Amino acid sequence: GKSLQEQFSTYRASQIDYINQGKLGDEGYRWFTESNSKHPKFVLFWRSACLSCIEDIKTLYQQKYNDNLIVLAVSVDRDSAAWRKVLDTFNWKSNSSLRHLWISNESQLIKELNVQELPKFVWYDKQGRVVLRNASKPNSYTWKEEFEKVINRGDK
């Protein structure tokens, strides 16, 4: 029942909001990964329709890192509603070891980090430098080896 002009205005406003939310996610991601900390960071890029991604996040919630690691689960869903629905379904909340962020599939970071297939995993050292762009899945035996190498990397 709305005019085309009203429909277009509504659509345009929603798209601007969508783009701005994605930019906020990009900024949050950069702050998180670039900040110096006492701990290295493991980043998982995922989408709500990716069942293996969800299994990987479940694995990360079950693992114990002895407070030596911070994990960031980054959703690249088209909009934040699908991401929030999955978080609510599994009662996933950010905590001191595992945090959640939505950056959207149109994020500039997706292009910069060459995220083409999901899930994608990236290791960062304590200084926020990328250590490994194509890290192993968290339930693989090589993940534990990567974890030990990143932890023992020190402040080099």
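Accessible areas here come from the Shrake-Rupley method with a 1.4 Å probe, and for residues only the protein chains shown count as cover. On that basis the protein chain exposes about 9,300 Å², with carbon and sulfur atoms supplying 50% of it.

This is a predicted model, in which local features need pLDDT of at least 70, side-chain atom pairs count only at pLDDT 80 or more, and totals for chains, interfaces and linings use all residues. Residues are numbered from 1 along each chain as its sequence is written, and side-chain values use heavy atoms, with hydrogens and water left out. Mean pLDDT (the predictor's confidence in each residue, from 0 to 100) comes to 83 for the protein chain, and 87% of its residues reach 70 or more.

The protein chain has five helices and five strands (DSSP runs numbered from the N terminus: H or I of at least four residues for helices, E of at least two for strands). Along the sequence they run α-β-α-β-α-β-α-β-β-α.

Now for helix α5 (residues 141-151), where W143, E146, F147, V150 and I151 are buried. These residues sit on the same side of α5 because they cover an arc of only 130° around the axis, taken from the directions from the helix axis to the C-beta atoms. The buried residues of α5 pack against β1 (41-46), α2 (51-62), β4 (120-124) and β5 (130-132), contact meaning heavy atoms within 4.5 Å. Exposed Y141 and K149 lie on the face of α5 turned away from its buried side.

Methods
Buried means under 20% relative accessible area, exposed over 50%, partly exposed in between (1.4 Å probe, protein chains only).
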